[in-house]
Structures are given as structure tokens and as C-alpha cells.
Amino acid sequence: MTTGHGAITLEPQACTSCMICARECPAWCITIDSHTEPVPDLPPGARARTHNVLDRFAIDWSLCMFCGICIEECPFDALAWSDHHAAPSGDLAGLVHEIEQLAALAPAETEPETGSA
């Protein structure tokens, strides 16, 4: 039996702020802000390097079509379908979910099924 899907969840630690999901989204409902920081502990003589640090990741559920293109295009598996649904809101601002709300939509760890009784 197929059960469908709910909202999109974010794994913030896996997100590299590459912006692929935001660029590929046909509804432009994803907003990403980040900054760069120097990579620590480089060996002596190595050139300076930086990496992106995620500051903001938001999905506007009033624009999202739930097509899943962002999930399929993310090369780091930072986005996934959730069993939960985005909470309804009385105003449009309440339909914009930030990092904490998106991470909270992650599916709960399920225990492995045991043989039937």
C-alpha cells in the first residue's frame, strides 16, 4: 500500500548551501542565505580555503507545489519527504518555515518490524 508524502524536511548538517535546490525549484519557494568561513587546520603552506555556512533555509508553503524536484536534485541528501504535514496558518507569514521548523518535520526513527504474532 502506498501512503503518499507530507512536507519536505531539512537535514541542516547535510546542507552545503550549494543552492541547487533553490535554482531547480519551479515555484521559487526556497530561500537560502549563507556566508563563507575559512577552513580550519590546513597544513602549512596550503592555500587558504573557505566553506559555506548555512544561515537561513526557508520554504514558503504557500508557493510550494510539493513536486519533489528539490529533493531529487539535492546531491547531499539534505532534503527528504516527511510523513508530517506543514502546519496550517491564518496568515501567509506563518506558512514560511525556517530551518528549525523544517528539521522538526523529519520522520521519527522507526523500530524494525518483528515477525507477526
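Me: Is Ser-17 buried or exposed?

Reply: The model is predicted, and local features are reported only at pLDDT of at least 70, side-chain atom pairs only at pLDDT 80 or more, whereas totals for chains, interfaces and linings use all residues. Residues are numbered from 1 along each chain as its sequence is written, and side-chain values use heavy atoms, with hydrogens and water left out. Buried means under 20% relative accessible area, exposed over 50%, and partly exposed in between, with a 1.4 Å probe and protein chains only. Ser-17 has 4% relative accessibility and therefore counts as buried. Of the 117 residues of the protein, 27% count as buried.

Me: Where is Ser-17 found, and with which residues is Ser-17 in contact beyond its neighbours within four places in sequence?

Reply: Helices (H or I, at least four residues) and strands (E, at least two) are DSSP runs, numbered from the N terminus. Ser-17 is found in the loop between E1 and H1. Contact means heavy atoms within 4.5 Å. With neighbours within four places in sequence left aside, Ser-17 is in contact with Ile-32, Ser-34, Asn-52, Val-53 and Leu-54.

Me: How many helices and strands does the protein have, and what pattern do they follow along the sequence?

Reply: There are three helices and five strands. Read along the sequence, the pattern is β-α-β-β-α-β-β-α.

Me: Which strands make up the open sheet, and in what order?

Reply: Strands of a sheet pair through backbone hydrogen bonds, either parallel or antiparallel. Two strands are taken to pair if DSSP finds at least two bridges between them. In this model an open sheet of three strands runs in the order E2-E3-E5, with antiparallel pairing. E2 and E5 are the edge strands, as each pairs on one side only. The antiparallel pairing of E2 and E3 extends over nine bridges. Within this region, Asp-33 stands opposite Arg-56 in E3.

Me: Which side chains meet in a salt bridge?

Reply: Side chains of opposite charge can pair when their charged atoms come close. The criterion for a salt bridge is a side-chain nitrogen of Lys or Arg within 4 Å of a carboxyl oxygen of Asp or Glu. By this rule the count is one salt bridge. Glu-98 and Arg-56 form it, at 2.9 Å from N to O. The pair links distant parts of the chain, 42 residues apart: Glu-98 lies in the loop between strand E5 (96–97) and helix H3 (99–104), and Arg-56 in strand E3 (residues 50–60). Glu-98 is partly exposed, with a relative accessible area of 23%, and Arg-56 is partly exposed at 28%.

Me: Which residues have the most contacts inside the largest nonpolar core?

Reply: A nonpolar core is a set of buried Ala, Val, Leu, Ile, Met, Phe, Trp, Tyr and Cys residues joined through side-chain atoms within 4.5 Å. The largest such core has 24 residues, and those with the most contacts inside it are Ile-8, Leu-10, Ile-30, Phe-57, Ile-59, Trp-61 and Leu-79. Strand E1 (8–10), H1, E2, E3, H2 and H3 each give two or more residues to this core. E3 gives the most, with three residues. Beyond its neighbours within four places in sequence, Phe-57 has contacts including Leu-10, Ile-30, Leu-79 and Leu-102.

Me: How many aromatic pairs does a search of the whole structure find?

Reply: Rings of Phe, Tyr and Trp (its six-membered ring) pair if their centres lie within 6.5 Å; planes under 30 degrees apart count as stacked, over 60 as edge-to-face and the rest as tilted. The search finds one aromatic pair. Trp-61 and Phe-66 form this pair, which is stacked, at 5.3 Å centre to centre and 15° between the planes. Trp-61 is buried at 7% relative accessibility, whereas Phe-66 is partly exposed at 32%.
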